[in-house]
Each structure stands twice: as structure tokens, then as C-alpha cells.
Amino acid sequence: MTTDEKLAAILAAVQTDPGNRGLGRDPNDNLFTATKGDFEAACRGFVGTPNAALDVTTGFYIPTATPPAFETDGPLGAVFLFRALVPLGYQVGLTGQKACANAMHAAIAQGTTLKPAFIEFRDRSDQPAYIVQPTEAWPGQSATHYLAIEHVGRATNGRYHSMRGRDITEFTKPVDEGFLRNAEQRLVETIGIGDGGNEIGMGKIPHETIVKNIPNGNLIHCRVPTDHLIVCGVSNWGAYAFAAGVYVLRGVTPHGDLFDPNCERKILEIMVREGPLVDGVTGQQTATVDGLTWDEYVKPLVRIREILES
């Protein structure tokens, strides 16, 4: 396959709707069609930036879960981006509130071949916790790109909502303020990854498109835009796709255990235990994502690996 064909195939692998959220309900005007070209533009923009550095933020709190905790969708993808991009020479910072950051830190320290000595873990009472690699700077100070994966953003009413319309403002730090400021000042390039209409980046999609496709769309639609928006059936899949797109454009073959379902499951188990993290759909502390069986969840991962090796 050509480079363009590989990028198209990677995107097709992740743009399904296993949770029946309505991502493509209207065949002519939906969340997939509204972001046509964004995936390729995000990958090419990152690879084409000299000394590109990525600041990734994630974490979606599920207050009704057992126990109340951040969900597995998002942090697992953020760790994947770290594992995939740091070996290519990119600087990657991971940002999340304490429990979410604890999970990511544990995954990197225990679940990969990268040396944890390159990781600095910081926590301040008035700030989210951070994992920073490899400089002393706080994330974002030297980043060329901000990426939000599965992080709720404010709706028209200024509040933050779950897919079911629950107001979760009290559990949410206003991380999207940084994306709003950047939209005004144009300091860095921004990328959003989401799967439901209420995540940072979804503001790029017209409100009427969200309303006609997503249940509760009029209430939950995040109005915070990003330069590029990757919509996929599960947000973690967007991380797999973005990393794969970078590899394709760099002409590099994935190393070791990247895109390996067994490795991904082991890392997820560590994160669920150490966060703790929960499945965002079932609300249970299990090594699952969005209520999917493991075989269903890893189908895009397996397909992407096949594409990269073709």
C-alpha cells in the first residue's frame, strides 16, 4: 500500500461505532464526515514540525463507578503515545489528575521497556499531577502540540457533562481553558481525540451535526475546538491511529511490543490496579474499555499492526 492508502486504512480501522453512540447516525452529516481530513492533517502536521513535542492531557472521571474513579479510555491511549513516540525521539508529556497520573506512571515504570529514570513525577496540591519527559519544564512550556484524549470539555452552558447528561463539573478540572486560550493566541497546534461529542475538540464540529447524531447532543456538546479532531469508536483507538500515522509518515516499523494486544492488556491491568481506573461504561474496576469484550476492543489494534507491516 502507498502512504496515503495506509493512512486511510488506519483511519477506517478506528472509525466504527461499537457502542452505538451515534457517531455516524446520519449517513451524510455525522461526526466522521465532519472531520474528514483531520486525521491525516494531524499526523502530517506533527511529523512536519521541527523538534515536535507533544503535551497529552487525559482523564474522564466516573463518579457513579465502583469505586468512583477515572475511566480506562484515555489514559491507556496516552501511555501508548508515550511508548510509541519517545523511541522516535519526540518529547512527550502526560498530564492528568492524581489518580489518573498514578496509573500512567505505574504503567510506564512497570509495563514497558522504557527506563523509568527518564520520568519525573510531580504533584502539587493546587495542580493536577504530571508526568514529564525528559525536561524539568512543566508540560506545555516547550510543547509544539497539545493533544487531549477523552477529556470532557465545557458545553454551551459552561458546565461539563457525561454522555448521559449528568453534570460532572464538580469532578472536573478546567483543563480546556488552556485549549481555549490557545485558540485565541495560536501558540501551538492542537489535536482532540474523542468518541462521544462531549470531549475537548468536539467544538470543531457544528452543533447541529452533534444534535442530529448524538443522544443528549444539545446538552453535552463540548464547544471547545481543536485544530484537528480524530473521532473514533473508542478514544484509545485514536491514540493507536495517531501513533501509527506517525510511524507510516516516518517510514519506521513498530518496535517490540507496540500494537501487541497481550502487552496492551498487561499494561491496562497495571493501570486499573494502580489508579485505580474503571470501565467507563460498566463502572467496574476491570481491565476492560467502554464495556467491550477484549477481542472486540483489540480488533483495530490488530488491524493497524497488519497495515504497518504490509
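This is a predicted model: local features need pLDDT of at least 70, side-chain atom pairs count only at pLDDT 80 or more; totals for chains, interfaces and linings use all residues.
How many aromatic pairs does a search of the whole structure find? The search finds 10 of them, counting rings of Phe, Tyr and Trp (its six-membered ring) as paired if their centres lie within 6.5 Å.

Residues are numbered from 1 along each chain as its sequence is written, and side-chain values use heavy atoms, with hydrogens and water left out.

The protein chain has 10 helices and 10 strands; these are DSSP runs numbered from the N terminus (helices H or I, at least four residues; strands E, at least two). Of its 310 residues, 56% count as buried (under 20% relative accessible area with a 1.4 Å probe, protein chains only; exposed is over 50%, partly exposed in between). Take the contacts (heavy atoms within 4.5 Å) between residues at least 6 apart in sequence: 74% join residues at least 24 apart.

## Helix H1 and its two partners

Helix H1 (residues 3-14) and helix H10 (residues 294-309) have axes that come within 9 Å and cross at roughly 170 degrees. Those axes are lines fitted to C-alpha atoms, for helices over the stretch in contact, with angles running from 0 to 180 degrees between N-to-C directions. That makes H1 roughly antiparallel to H10 (over 145 degrees; under 35 is roughly parallel, 65 to 115 roughly perpendicular, the rest oblique). On the H1 side, Lys6, Ala9, Ile10, Ala13 and Val14 make the contact, and on the H10 side Pro300, Arg303, Ile304, Ile307 and Leu308. By class, that's 8 nonpolar, no polar and 2 charged residues. Here Ala, Val, Leu, Ile, Met, Phe, Trp, Tyr, Cys and Pro count as nonpolar, Asp, Glu, Lys and Arg as charged, and the others, Gly among them, as polar.

H1 and H8 also have axes that come within 9 Å and cross at roughly 170 degrees, so these two are roughly antiparallel to each other. Thr3, Lys6, Leu7, Ile10 and Val14 of H1 meet Trp237, Ala241, Ala244, Gly245, Val248 and Leu249 of H8. This contact divides into 8 nonpolar, 2 polar and 1 charged.

## Aromatic rings

Back to the rings. Trp237 and Tyr297 form a tilted pair, 6.4 Å centre to centre with 40 degrees between the planes (under 30 degrees would be stacked, over 60 edge-to-face). Trp237 sits in helix H8 (residues 235-250) and Tyr297 in helix H10, 60 residues apart, and the pair links these distant parts of the chain. Both Trp237 and Tyr297 are buried. Ring pairs also tie Phe80, Trp237, Tyr240, Phe259, Trp294 and Tyr297 into a cluster.

## Strands

An open sheet of 3 strands runs in the order S2-S3-S10, with mixed pairing (two strands pair if DSSP finds at least two bridges between them). Strand S2 (61-62) and strand S10 (277-278) are the edges, each pairing on one side only. Strand S3 (residues 69-71) pairs with S10 in the parallel sense over 2 bridges, and Glu71 has Val278 as its bridge partner in S10.

Elsewhere, strand S8 (residues 189-194) runs parallel to S9, joined by 4 bridges, and Ile191 stands opposite His228 in S9. Strand S9 (residues 228-231) is covered on both faces: His228 and Ile230 on one side and Leu229 and Val231 on the other are all buried.

## A buried loop residue

Ala155 is in the loop between strand S7 (145-149) and helix H5 (176-185). Ala155 is buried, with a relative accessible area of 5%. Not counting residues up to four places away in sequence, Ala155 touches His161, Leu219, Ile220, His221, Cys222 and Arg223.
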